[in-house]
Amino acid sequence: MDIYSRIMTRLYTLAKTDTVGIPDPKIGDGMEEVARQDPPLGAGTESGDHPMKSILGKLGLKDTPENRALIMLIPLYGLSFNEESARFILGKGHWSSFLYEHLLERILEYGNIEGARAVEESFPDIHTLPEFLKNLRSNMNKIWGHIIEQSESLAEGIKSESLKTLLGDIYSNILLQLDNSHPFYNVQIPVRIRDRIYSCQVWCGRERDVIYLEFMLPNLNKIGCLMEEWRGPLKVALYTEGKYHKVIKNGFPHLKSVLNGLGYRCKSLEVYDIARFSGLADFLSDFKEVYRMIDLSI
């Protein structure tokens, strides 16, 4: 049974409780073929007339560059454009790497140390991340396989509503990441750095030479990294809070040496304020033609 079938089987089993909802069935259908707008993208758009500002305001959500970019993902995933979908994409539903960390805690609480180790060791190490990305889909299938296997063991041994809710959220996220109609991949995984794991999102163009990563680090909070021209001299842009810019810039020489050690020559390094600019929006701007196929009206 493939990953999609296993996920759907488990979801419908869990849905016997009211706390677990089945995702919109359009998740598996990809984008709607509707063309009404071609909304502007790019980090520099700060106009008060930005269409996303109006949408976020109607939904009662904070107007930030990142939220504007995330809102764009709702129709791309084939979800109905409503408040529930927006809160799912902008809330905990978008960071399944956090959910995997909670799952590891539950596996350990259940006493399955070997199962927790198998899941954690399937996560990429920061030093092997470039190789992991080269075979992203097959590597993610291995991770999801471990996640499903350990989730099924937990579900058989623990009959709690909170666990069912956690597993329902994890499975819903995997369904979103399984969509194959986009010109890019989005996967949400913890990454191992030394002896700890940190939440991470990876956006990777299928054909285009562009990757965007977003980490949650204890000393730098949320930090984004956009890498363009991955197969040639790299253009690197970092997105972080303004108070950390000096620290980031001081680390540029070390970052260049790390990239050189991995076989990548760095052409340029820039740092931007994550409160004003969105690395995800910059990544998505490389796929503007996708947005001619979707409807963002509400």
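I looked up F123 and found it buried, at a relative accessible area of 1%; buried means under 20%, exposed over 50% and partly exposed in between, with a 1.4 Å probe and protein chains only. The model is predicted, so I took local features only at pLDDT of at least 70 and side-chain atom pairs only at pLDDT 80 or more, while totals for chains, interfaces and linings use all residues. Residues are numbered from 1 along each chain as its sequence is written, and side-chain values use heavy atoms, without hydrogens and water.

Next I checked the ring partner of F123. Rings of Phe, Tyr and Trp (its six-membered ring) pair if their centres lie within 6.5 Å; planes under 30 degrees apart count as stacked, over 60 as edge-to-face and the rest as tilted. I count seven aromatic pairs by this rule. Y100 and F123 are stacked because their centres lie 6.4 Å apart with the planes at 15°. Y100 sits in helix 6 (residues 96-109) and F123 in the loop between helix 7 (113-122) and helix 8 (129-134), 23 residues apart; helices are DSSP runs of H or I, at least four residues, numbered from the N terminus. Y100 is buried at 0% relative accessibility.

I then turned to Y272 and F277, an edge-to-face pair with 5.8 Å between centres and 65° between planes. Y272 is partly exposed at 33%, whereas F277 is buried at 15%. Ring pairs join Y212, Y239, Y272 and F277 in a cluster.

Of its 61 residues, I170, I174 and V236 touch the most other members. Helix 9 (residues 136-157) gives the most to this core, eight residues.

Conventions
Core = buried A, V, L, I, M, F, W, Y, C linked by side-chain atoms within 4.5 Å. Helix = DSSP H or I, 4+ residues; strand = E, 2+ residues; numbered from the N terminus.
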